[in-house]
Amino acid sequence: KWLPPSDRRNLASGRGVLRVGSLGPLGAIFPTTQMPRDLDVVVFGASGDTGIVGCCCLYFKGRKLGLSSWAPAARNLGKLQKDLLDRLSAVEPGPDGLQPMAAIEADCDSHESLVRMCARATCVLTCAGPYYKYGEGVVRACIEAGTHYVDITGEVDWVDSMMQKYGAEAEEKGVFVVSCAGYDSVPPDLATFLAAKTLEGEGESLQRFEAFVACSGGAMPHGTIETVCGMLAKSKGRALGAVTFGMLGGDTAQEPSTPSASGDGLVPEAARGNLRSNLVRTILPGYSSLAGGFCFPHMMAMINLYIVHRTAALEGYGGIEYRERTGPAPSAKTLYGAVPTAVGVGIASAVGVVAAMPYACKLIRGVRDTINPPLQKKVRDAALAGFASAGAITLQGFGASASGRKSVRVDLESDQDAGLGFTMLSACTVAAELAKKRAGSSESKYKGGFHTAVCAVGGAALADALKNVGVRIDVAVA
């Protein structure tokens, strides 16, 4: 009776829009942490490009993922209705899909709205980036509400700063905070875990692992470009500060402040020397003895290595030699990797020249705004048409045991593009698995806190869950 008539109708029907700020006296009667959780997963930032694809994933695969309820949440409900809900209403979700509950209005600028949103869900999947600008409020609200958190960022310095600030509280409350749950960094992290544990089952230990990662089709998420620009501005500021002895540099007027943490804090101190060694060796072109050819670093290696090493340290196979390369693996067709490596060096040199220019970020955004929109539309249209494919990813992993007697091969393939399709399929899978865990329960090896997707869900469980939604994973020992 305290709700406006429109919200009463929405609440009764389970559809439409429920404004979380309109609960009136209910907010005083029921503290947010005690309100009943009527949703397994909430997708926050649902009106953006990644959020729309994530909602399509749950709409067409929600039951397959084991969910019983979910809802989209956004700041602009009119845009959400027009761009997503109206279009989904014209398509049946099918036997694997799940209709959404009432859309939720929540805004990064309103902490109260974020807490109320989080209090209704077991897990919140947030797609509102860049995260150094819009992410902290959702992390804080999830921990306050006792709600698991998942994001798709690749901003390891921001994740490090959030862990330093909120890690102890999240662990104490049994809340899992999982970042980098998409293309960055699930495929290489999961493949390395599977290689290590498979060799352990053979009485061996993993000494070296090389992942060749490739993708095709799709589009680059808008927030990812903003993240790249923020990181670029930060790097240029540091360089300017170094050559002017601190008189110039730092944050620029054009770019908002980014976290001061480096990302090293994600890895236990004892493993940081190995991380740095692998970082240096990974970013250089080289020759792979395991794959038998020349290779060029993967563009996301500088992000993924932090996640791979955190999982390795916590799961008992720290100290490995890890390399991450651009796939596919070398073959006779590419002169054993010589051709793509030479092309990669040329492209990297050109990008380096552009990045050093004064207006590099403006140029990057201009290219994005020209090239990316039709590609994003193609991915969105495919997602809205049954979560169809708009690209693909592959990972070919080669591992060697410490004794040299055993080798392991890991192959991971998906018929979804890297930037949007696979990223949201992976993140939705992680969120769905966490939704099955109650905060503070003893259902996991880890009791909460900041973790990789592999650690929070469990590597074997995550592999099984991804296979269940069509990702092909194969592990073979020789």
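Is Phe 294 buried, exposed or partly exposed? Phe 294 is partly exposed, at a relative accessible area of 43%. Buried means under 20% relative accessible area, exposed over 50%, and partly exposed in between (1.4 Å probe, protein chains only).

## Basis

This is a predicted model, in which local features need pLDDT of at least 70 and side-chain atom pairs count only at pLDDT 80 or more, while totals for chains, interfaces and linings use all residues. Residues are numbered from 1 along each chain as its sequence is written, and side-chain values use heavy atoms, with hydrogens and water left out.

## Cysteines

A search of the whole structure gives zero disulfides (a disulfide is a pair of cysteine sulfur atoms within 2.5 Å). Cys 127 is in no disulfide, and the nearest cysteine sulfur, that of Cys 55, lies 7.3 Å away. Cys 127 is buried at 9% relative accessibility, whereas Cys 108 is partly exposed at 26%.

## Aromatic pairs

The count of aromatic pairs is four. Rings of Phe, Tyr and Trp (its six-membered ring) pair if their centres lie within 6.5 Å; planes under 30 degrees apart are stacked, over 60 edge-to-face, and the rest tilted.

One of the pairs is Phe 212 with Phe 398, which is edge-to-face because the planes stand at 85°, with the centres 5.8 Å apart. Phe 212 belongs to strand 8 (residues 206-217) and Phe 398 to strand 12 (residues 391-401), so this pair ties together parts 186 residues apart in sequence. Strands (E, at least two residues) are DSSP runs, numbered from the N terminus. Phe 212 is buried at 1% relative accessible area, and Phe 398 is buried at 14%.

Tyr 287 and Phe 294 also form an edge-to-face pair, 5.3 Å centre to centre with 80° between the planes.

Conventions:
Helix = DSSP H or I, 4+ residues; strand = E, 2+ residues; numbered from the N terminus.
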